[in-house]
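Please keep the sequence and the structure in view while reading.

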Amino acid sequence: MKTVLITGCSSGFGLETARYFLERDWHVVATMRTPREVELPHADRLRVIALDVTDPDSIRQAVDAAGPIDALVNNAGIGYLNALEGTSMDVAREVFETNTLGTIAMTQAVLPQFRERKAGVVVNVTSSVTLKPLHLLSVYTASKAAVNAFSESVALELEPFGVRMRVVLPGRAPETRFGENARSRMQGGFPDAYAGLVQQVFAQWQQESAITHSIDVAEAVWRAVNDASSPLRIAAGADAVALAGA
Ligand SMILES: NC(=O)c1ccc[n+]([C@@H]2O[C@H](COP(=O)([O-])OP(=O)(O)OC[C@H]3O[C@@H](n4cnc5c(N)ncnc54)[C@H](OP(=O)(O)O)[C@@H]3O)[C@@H](O)[C@H]2O)c1
């Protein structure tokens, strides 16, 4: 029986991915900053563990408590939408601390066991925004593009040890708590000079019919973990797949 550790399972893609693996007989270590009851089946194969990917002590304790795992899914992430001029360096650091450095730190924490066993797979959830530049997303996109580049490079050095690395790139998914969670970081509002652009961006979103659903991401993560012949980058969701093929 195999075990996957997933970060950011309190909602959205992480929660759906945990459910997907549980339904396919895996043991799941569902991690979240503040452990709470979540709607997941098969409690006998589920462990919920506290993990904040920006906290080295929390990472060490969670990885120790999880024990041997076969796959790590770096899904935890935060969003941010604003013009660069409206972005404080504190927010820029927060976004990189979670999305980029959190992913790097978690990967480092599990690699010794993967290398020694000559097996294991790390899946990093980035974003389709890295496939095409979009307005007002410069810092968020940079945090995820860095993970793409990081993953491609680490994949090379892990290959001789039989350890795989994959990147899943979801499209826009309004059904998760992502937008709501990002808004708490956007209290300062948009700079006046960008008001017209902000309106255009929101109007554009209203017109887009192709979106990503959590199940698309769970399926892509499943493929990344279980199909050794899968490509390093896997787009998830109708909009992301269209963008990747463009
Ligand atoms: N939704 C989209 O449109 C979209 C599109 C492309 C990519 N993505 C990426 O997909 C991933 C999942 O997003 P989602 O849409 O499922 O959003 P979500 O519902 O907001 O879920 C994000 C998860 O990350 C967790 N998290 C945030 N900071 C953390 C930290 N420091 N340590 C541990 N966990 C932390 C959150 O936990 P708390 O409950 O503790 O805050 C939450 O469980 C993210 O990496 C996001 O960047 C999202």
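In which loop is the place of Asp25? In this predicted model, Asp25 belongs to the loop between helix 1 and strand 2, the latter covering residues 27-32.

**Two residues with positive phi**

Most residues other than glycine have a negative phi. Asp25, although it is not a glycine, has a positive phi of about 75 degrees, and Leu136, also not a glycine, has a positive phi of about 65 degrees. Leu136 is placed in the loop between strand 5 (121-125) and helix 4. Are these residues buried or exposed? Asp25 counts as exposed because 10 other C-beta atoms lie within 10 Å, whereas Leu136 counts as buried because it has 21 C-beta neighbours inside 10 Å.

**Helix 1 and its partner**

Helix 1 is largely enclosed by the rest of the structure, because 11 of its 11 residues are buried; among them are Phe13, Leu15, Glu16, Arg19 and Leu22. The axis of helix 1 (residues 12-22) comes within 8 Å of the axis of helix 7 (residues 214-226), and the two cross at roughly 55 degrees, which means that helix 1 is oblique to helix 7. The crossing of helix 1 past helix 7 is right-handed. On the side of helix 1, the contact involves Gly12, Phe13, Glu16, Thr17 and Tyr20, and these meet Ser214, Ile215, Val217, Ala218, Val221 and Trp222 of helix 7. By class, the residues of this contact between helix 1 and helix 7 comprise seven nonpolar, three polar and one charged.

**Helix 2 against helix 3**

A further packing pair is formed by helix 2 (residues 56-66) and helix 3, whose axes are 10 Å apart and meet at an angle of about 35 degrees. Here too the handedness can be stated: helix 2 passes helix 3 in a right-handed crossing. Helix 2 contributes Pro56, Ile59, Arg60 and Val63 to the contact, while helix 3 contributes Ala105, Met106, Ala109 and Val110. The residues of the contact of helix 2 with helix 3 include seven nonpolar and one charged, with no polar residue.

| Helix pair | Axis separation | Crossing angle |
|---|---|---|
| Helix 1 and helix 7 | within 8 Å | roughly 55 degrees |
| Helix 2 and helix 3 | 10 Å | about 35 degrees |

**The shell around the ligand**

How many residues surround the ligand, and which are the closest? The ligand is surrounded by 31 residues, of which Gly8, Gly12, Ala76, Gly77 and Thr176 are the closest. Sorted by class, this shell holds 11 nonpolar, 16 polar and four charged residues. At least two residues of the shell come from each of helix 1, helix 3 (89-117) and helix 5 (178-183), and helix 1 gives the most, with three residues.

**Val147 in helix 4**

Val147 lies in helix 4, which covers residues 138-158. Val147 counts as buried because it has 24 C-beta neighbours inside 10 Å. Leaving aside residues up to four places away in sequence, Val147 touches Asn99, Thr100, Thr103, Asn124 and Thr126. Val147 and Val168 are 21 residues apart along the chain, and their C-alpha atoms are separated by 11 Å.

Technical notes
Residues are numbered from 1 along each chain as its sequence is written. This is a predicted model: local features need pLDDT of at least 70, side-chain atom pairs count only at pLDDT 80 or more; totals for chains, interfaces and linings use all residues. Axes are lines fitted to C-alpha atoms, for helices over the stretch in contact, and angles run from 0 to 180 degrees between N-to-C directions. Helices (H or I, at least four residues) and strands (E, at least two) are DSSP runs, numbered from the N terminus. Angles under 35 degrees count as roughly parallel, over 145 as roughly antiparallel, 65 to 115 as roughly perpendicular and the rest as oblique. A crossing is left-handed if the near helix is turned anticlockwise from the far one by less than a right angle, and right-handed if clockwise. Two residues are in contact if their C-beta atoms, placed from the backbone, lie within 7 Å. Ala, Val, Leu, Ile, Met, Phe, Trp, Tyr, Cys and Pro count as nonpolar, Asp, Glu, Lys and Arg as charged, and the others, Gly among them, as polar. A residue is near a molecule or strand if its C-beta atom, placed from the backbone, lies within 6 Å of it. A residue is buried if 20 or more other C-beta atoms lie within 10 Å of its own, exposed if 12 or fewer, and partly exposed in between; C-beta atoms are placed from the backbone.
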